[in-house]
Amino acid sequence: MDDELAKLISELVSRETENPPGNERRAAEYVTNWLAERGIDAELIREPYEDRPQVAARVGAGDPTVVLNGHIDVVPAGNREEWSHPPYDAEIEDGRLYGRGSADMKTGVAIAMKALVDLEQAIDTDALSGGLVFHGAIGEETAEPGTKTLLERGYDGDYGVVLEPTGMRTATSEKGLAWYEITVAGEPSHASRPNQGDNAISNARPVLAALEAYDDRIGEREDDLVGQAHATVTQIEAGTKENIVPEDAVITIDRRFLPSESAEGIDAEIDELLAGVEAAHDIETSWRRTRTYESAAIEPDSHLADVFREASAEYADVPTDPWGMKASTDVRNFVNDADVEAITWGPGDLAQAHTYDEHVTLADATAGLHALEDALEVLLDE
């Protein structure tokens, strides 16, 4: 176990950075100061939000340049009573460091910071010919443009590594995510006179049936690396009082989509589905897409991916076959927006993300740091 790395992860976890509401500032300032104390000129970027700074740093200016990306926001800890280890105490027990964000993804941020410092001298003396860029991004958990802003500000490169907890497997593709709110209209009335109104809950039934059929239909779409497409009803909200016939019902859909699909294409499918239900059942609906994480993919046998697969195999017993993620990450900003070849890779178990008693195994974090530095030395020595 690397004691300095363990301390760094602990310091990051102990700074609560829940999003919402977006409390990244204290962690951003800590990261900036930690790097500055070690001779790295880091910048607080006050975009896209003045009160929620993010961090960017650069070492060297050669080719190729590799961007190490991590987000510093975390999801809320939830009910503190459900935690055996307080979520921001960063307690270590039996080689595990517990706390919100320990896996997702402050360990990834920490190994990026360490790699920047550890490789700086070799880069500055031209022992390694390339350069490194560091991102401590805000807003990933709520699809905000933190990483996108950093890339647009010029903190980009030839390669990108998004350091999410993949168990050190190398992901070259990932599903997209779109959330939809479908509103089904009704007409309110007193429940003692239900026929005077038009019950939005009753009107929602054919919409729910159509969505279930839609989910079955798109489930036949499949990608070799990320699996099936899905459309899952995750919320239904209706009614204002026990004795009032509800005037509308709002259905929330979680739509997971493949690299071959697009949010705009799914919009058209939702339009067509609702138009059919409206015509068949004489009801009124409307919809809006509330959040979008686009899918992304690069070639599975890319040079970047091969280098990281080889480094991972050296330090961890992980498969080296092509692989994709079912979750969404900021890698889409690299691949889709900045046209940068990028992978999602990092130590830690993705199953720990957003859970009570989230934790990371410190031995895995150390192995991840070694694998990352080995991979970077290969890439930067080309």
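# Close-up views of a predicted model

View 1. Met-168 is buried, with a relative accessible area of 4% (buried means under 20% relative accessible area, exposed over 50% and partly exposed in between, with a 1.4 Å probe and protein chains only). The model is predicted: local features need pLDDT of at least 70, side-chain atom pairs count only at pLDDT 80 or more, and totals for chains, interfaces and linings use all residues. Residues are numbered from 1 along each chain as its sequence is written, and side-chain values use heavy atoms, with hydrogens and water left out. Met-168 sits in the loop between strand 7 (159-162) and strand 8 (171-174); helices (H or I, at least four residues) and strands (E, at least two) are DSSP runs, numbered from the N terminus. Apart from neighbours within four places in sequence, the residues in contact with Met-168 include Ser-312, Tyr-315, Trp-345, Ala-367, Gly-368 and Ala-371, where contact means heavy atoms within 4.5 Å. The C-alpha atoms of Met-168 and Leu-380 are separated by 20 Å, and the two residues are 212 residues apart along the chain.

**View 2. Helix 3 against helix 9.** Helix 3 (residues 102-124) packs on helix 9 (residues 362-380) at an angle of about 45°, and their axes are 9 Å apart. That angle makes helix 3 oblique to helix 9 (angles under 35 degrees count as roughly parallel, over 145 as roughly antiparallel, 65 to 115 as roughly perpendicular and the rest as oblique). Axes are lines fitted to C-alpha atoms, for helices over the stretch in contact, and angles run from 0 to 180 degrees between N-to-C directions. The crossing of helix 3 with helix 9 is right-handed; a crossing is right-handed if the near helix is turned clockwise from the far one by less than a right angle, and left-handed if anticlockwise. Among the residues that meet here are Thr-107, Ile-111, Lys-114 and Asp-118 in helix 3, and Ala-365, Leu-369, Glu-373 and Leu-380 in helix 9. The residues of the contact of helix 3 with helix 9 comprise ten nonpolar, two polar and four charged (Ala, Val, Leu, Ile, Met, Phe, Trp, Tyr, Cys and Pro count as nonpolar, Asp, Glu, Lys and Arg as charged, and the others, Gly among them, as polar).

**View 3. Helix 7 against helix 9.** Helix 7 (residues 303-315) and helix 9 cross at roughly 140°, and their axes come within 9 Å. Helix 7 is therefore oblique to helix 9. The crossing of helix 7 and helix 9 is right-handed. Helix 7 contributes residues including His-303, Val-307, Phe-308 and Tyr-315 to the contact, and helix 9 contributes residues including Ala-367, His-370, Asp-374 and Leu-379. In the contact of helix 7 with helix 9, eleven residues are nonpolar, three are polar and one is charged.

**View 4. Aromatic pairs.** The structure holds three aromatic pairs; rings of Phe, Tyr and Trp (its six-membered ring) pair if their centres lie within 6.5 Å, and planes under 30 degrees apart count as stacked, over 60 as edge-to-face and the rest as tilted. One of the pairs is Trp-83 with Tyr-356, whose ring centres are 6.1 Å apart and whose planes stand at 85°, so the pair is edge-to-face. Trp-83 belongs to the loop between strand 3 (65-71) and strand 4 (92-93), and Tyr-356 to the loop between strand 19 (341-344) and strand 20 (359-361), so the pair ties together parts that are 273 residues apart in sequence. Trp-83 counts as buried at 7% relative accessibility, whereas Tyr-356 counts as partly exposed at 39%. Phe-308 and Trp-345 also form an edge-to-face aromatic pair, 5.1 Å centre to centre with 65° between the planes. That pair joins Phe-308 in helix 7 to Trp-345 in the loop between strand 19 and strand 20, 37 residues apart. Both Phe-308 and Trp-345 are buried.

**View 5. Backbone details in loops.** Most residues other than glycine have a negative phi, and most peptide bonds are trans. The peptide bond from Pro-20 to Pro-21 is cis, with omega near 10°, and Pro-21 lies in the loop between helix 1 (3-14) and helix 2 (25-37). Another cis peptide bond joins Asp-63 and Pro-64, with omega about -5°. Asp-126, which is not a glycine, has a positive phi of about 70°, and its relative accessibility of 63% counts as exposed. Ala-143, in the loop between strand 6 (131-137) and helix 4 (146-152), has a positive phi of about 60°.
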